[in-house]
Each structure stands twice: as C-alpha cells, then as structure tokens.
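Dear colleague,

Please find below the structure for your records. My notes on what was found in it follow directly after.

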Amino acid sequence: MKVIIAKNYEEASQKACEIMLDVIKNNPKATLGLATGSTPVKLYEYMVEDHKKNGTSYKDIQTYNLDEYFGLDQSHPQSYHYFMCKHLFNHVDINMENVHVPKGKGNVEEEAKAYNQMLAENPVDIQLLGIGSNGHIGFNEPGTSFDSVTHVVDLKQSTIEDNARLFFDGKIDEVPKQAVSMGIANIMKAKKVLLLAFGEGKAKAVKGMIEGKKTIDLPASALQDHQDCTLIIDEAAASLLSK
Ligand code: PGA
C-alpha cells in the first residue's frame with residue numbers, strides 16, 4: 001500500500017484528481033469504479049472543473065459504481081444514482097449509456113448477477129473507494145467474506161447512523177436498512193485502487209487497514225493484498241498511525 005498523507009481535504013482531493021485524470025488521459029476508454037459519500041465530493045468537483053477548463057473528455061469512459069441503497073428509485077434524491085448525476089455525470093460529457101450504478105429496486109438478486117457479469121467483462125482500471133468508520137468498503141460491512149461478489153447486504157447500525165447524520169438530516173428511520181454492493185472480490189480485481197479517508201472519525205479504521213492484521217472484521221484490510229493500492233488520507237485520518 002502506498003500511503004500519501006495530505007495536509008487537508010482540498011490537497012488530498014487535488015492529488016486524487018491528478019491520479020484519476022492520469023488514468024483517463026492515458027486511456028480515454030478507461031473503466032472507472034466510482035464511489036459516493038461525503039469523501040469524494042471535492043474530487044468530483046475538481047474533475048468537473050478540469051473538464052470545463054481543459055476539456056478532458058468522458059465520452060468513451062465507462063463507469064461502475066460500488067453500491068446503491070435497496071428500495072430507492074434512481075430519481076430519489078438520496079439514491080446513489082442521483083448523487084452521481086448531481087456531483088459528476090450532469091457536468092461532464094459522459095454518455096449515460098456507459099454509466100452503471102446497481103439498481104436498488106426490482107429483482108435485485110438478478111441485478112446483482114448481471115452486475116457481476118458486466119464487471120467480469122469490463123475490468124475496472126481504477127477503483128475509487130472511501131472507508132466507513134467501521135472499516136467497510138463499498139457496503140461490505142465487517143464480517144463480509146473476501147470472496148464476496150455483488151450482493152444484497154444488511155447495513156450495520158453504525159453505517160445507518162453515519163449516513164443519517166451526513167445525508168438524511170439525522171432522520172435515521174429514512175435510511176434504508178439494506179443495499180446492493182459490489183463485493184470485496186470485485187473490488188480486488190480492479191487494476192488500481194485509490195482509497196480516500198478524511199477526518200478523525202476514520203482514524204481507527206485507517207490504522208487497522210494499514211497496520212492491523214488482515215481480517216474480515218475490517219473489510220478494508222483486504223487491500224493489504226492489492227498490488228497497486230494508493231491511500232490518500234488527511235492528517236486527522238492519519239493521527240493514530242504509528243509510523
Ligand atoms: P463517507 O462514507 O464518504 O460519507 O464518509 C464513506 C464510506 O462509507 O465508504
């Protein structure tokens with residue numbers, strides 16, 4: 001794992017943007033694995049800014065998002081499909097036919113199967129990740145097998161609380177209790193992984209991921225085995241690291 005400690009959120013997001021743009025410029029048909037949450041918002045802002053200023057094109061880029069809430073329509077303002085349109089897709093020249101976010105409604109078991117098939121046929125060039133305060137990646141909660149592929153998950157109470165606070169105005173009852181998520185095996189197949197973590201609330205998970213033992217109790221620790229994994233974290237998220 002390559003660990004970059006940045007001064008703050010802005011500097012970290014800028015560095016992350018450089019890495020994403022490098023992949024896109026080297027391969028204008030690249031497949032990007034994308035993430036939602038508060039973590040990548042600034043990165044997407046910088047990617048949009050670059051598109052407007054420098055014309056970096058997304059017209060042949062394919063995207064696969066990590067996850068989606070179960071039970072929310074794509075048009076629901078808290079759905080991850082909506083989030084991606086709002087923060088990135090609506091502002092760049094991406095072809096929406098090349099955009100993939102797991103569907104959280106309908107026959108989700110079938111959808112998960114189809115998603116795995118698409119991922120097998122379209123290897124991800126760079127997978128962007130955040131990390132949960134409990135060490136989850138995607139919605140792979142503690143206890144998820146490292147062999148897992150796209151599946152329906154039950155969200156842990158800590159995740160429901162984190163997301164209620166950040167996105168649902170504290171209304172815990174409105175946060176879906178389940179989601180559809182790429183599995184850890186899907187994530188590990190990406191050629192490159194870029195994980196971002198900011199703030200004190202992530203420090204414990206970050207320490208476990210980097211310095212702890214590999215365990216399904218901390219899903220992000222699976223990344224210790226990835227051949228090309230870069231972590232960009234701010235000083236607060238790095239505060240418990242011993243080295
Ligand atoms: P956050 O979520 O970016 O909103 O902190 C990260 C995650 O749960 O993976």
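C17 is placed in helix α1, which spans residues 9–26. Please bear in mind throughout that the model is predicted. With a relative accessible area of 3%, C17 is buried. Beyond its neighbours within four places in sequence, C17 is in contact with L43, Y46 and M47. C17 and E45 are 28 residues apart in sequence, and their C-alpha atoms are 9.3 Å apart in space.

A disulfide is a covalent bond between the sulfur atoms of two cysteines. A search of the whole structure finds 0 of them. For C85, the closest cysteine sulfur is that of C17, and at 19 Å it is too far away for a bond; the cut-off for a disulfide is 2.5 Å between the sulfur atoms. C85 itself counts as buried, at 12% relative accessibility. C229 is likewise in no disulfide, and the nearest cysteine sulfur, again that of C17, is 19 Å away. C229 has a relative accessible area of 5% and is therefore buried, as the limit for that term is under 20%.

C85 also belongs to helix α3, whose buried residues are Y80, H81, F83, M84 and C85. These buried residues pack against several elements, namely β2 (31–34), α2 (41–54), β3 (62–65), β4 and α5.

The aromatic residues deserve a separate paragraph. A pair of aromatic rings is described by the distance of the centres and the angle of the planes. The structure holds 6 aromatic pairs.

Y80 and F139 are both buried. Ring pairs join Y69, Y80, F139 and F168 into a cluster.

I turn now to the open space in the model. The largest pocket has a volume of about 510 Å³. Its lining comprises 26 residues, and T39, I131, G132, H136 and K202 are those nearest its centre. Helix α5 gives the most to this lining, with 6 residues. By type, the lining residues of the largest pocket divide into 10 nonpolar, 12 polar and 4 charged.

Most residues other than glycine have a negative phi. D169, which is not a glycine, has a positive phi of about 50°. D169 lies in the loop between α5 and β8. Is D169 buried or exposed? With a relative accessible area of 68%, D169 is exposed.

With kind regards

Technical notes: Residues numbered from 1 in each chain as written. Predicted model: local features only at pLDDT ≥ 70, side-chain atom pairs only at ≥ 80, totals over all residues. Heavy atoms only, no water. Phe/Tyr/Trp six-rings, centres within 6.5 Å; stacked < 30°, edge-to-face > 60°. Buried < 20%, exposed > 50% of the residue type's maximum accessible area, 1.4 Å probe, protein only. Helix = DSSP H or I, 4+ residues; strand = E, 2+ residues; numbered from the N terminus. Contact = heavy atoms within 4.5 Å. 1 Å grid on protein atoms, 1.4 Å probe; cavity = no way out; pocket = protein on both sides within 12 Å on 5 of 7 lines; lining within 4 Å. Points joined across faces, edges and corners; volume = space filled by probe spheres on them. Nonpolar A, V, L, I, M, F, W, Y, C, P; charged D, E, K, R; others polar.
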